[in-house]
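Reader: I am new to this. Could you take me through one part of this model closely, step by step?

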Amino acid sequence: MVRDVIIRKLDIKTILSSSNTIHITELGCSVGPNTFSSMQHIVEALKDKYLYQDQLIDSTKSIPEFQIFFNDQVTNDFNTLFCLLPVDRSYYASGVPGSFHGRLFPSRSIHFAHCSTSIHWLSKIPKELLEKNSPAWNKGLIDYVGASNVEIVNAYVAQFERDMEMFFNARAEEIVPGGMMVLVSPFLGYVRLLGFFWF
């Protein structure tokens, strides 16, 4: 699906008009091998898109270079992540520690943003859950699984909505015109978030 949307929708001519380097970010990368597999598939799809469109643009240009910014919380084990980098990768790699709920990159600097199975993480526990006098007090729990109190669920939903607003506002500043963002979530409750975004 990701390859298909890149081929059909990404405006590679516009994003390469000022540079021959494509900047990609993997938001919420963790340390496992899944992030490397995803990034390699995205790089290959971008190369295919470039080669397909290259026939329409200028066949004397070389394939662009790829810079991937692996992002996760500051507590992520970036040392392990970089020790596991594939030797035969076709991109340059760097780490960007910090919450993806806020700005991470300069304005209009990212061509492709990818976030797979981490978009559901909240930036913080809703404060209402921690206050004993609040109708949403969750008795010290940090989840709402099996919660019968609608106030608890509403507190999580409200926090999620605030986080998503910050997330989308940050990406709107960071992604170049003609760029793209892909979000992948395994949760049915986030169906409205699933999809492909281009700027």
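Author: Start with two strands. Strand β2 (residues 65-72) pairs with strand β3 (residues 92-97) in the parallel sense, over six bridges. Strands pair if DSSP finds at least two bridges between them. Strands here are DSSP runs of E, at least two residues long, and helices are runs of H or I, at least four, numbered from the N terminus. Take Q67: its bridge partner in β3 is Y92. From β2 the chain crosses through helix α4 (residues 78-83) to β3, and this β-α-β crossover is right-handed. That is, with the strands pointing away from the viewer, the path from the first strand over the helix to the second runs clockwise.

A word on the model. It is predicted: local features need pLDDT of at least 70, side-chain atom pairs count only at pLDDT 80 or more, and totals for chains, interfaces and linings use all residues. Residues are numbered from 1 along each chain as its sequence is written, and side-chain values use heavy atoms, with hydrogens and water left out.

Now the loop between β2 and α4. Q73 is found there. Q73 counts as partly exposed because its relative accessibility is 38%; buried means under 20% relative accessible area, exposed over 50%, and partly exposed lies in between (1.4 Å probe, protein chains only). Leaving aside neighbours within four places in sequence, Q73 is in contact with F78, G98 and S99. Contact means heavy atoms within 4.5 Å. L27 is 46 residues from Q73 along the chain, yet their C-alpha atoms are separated by 9.6 Å.
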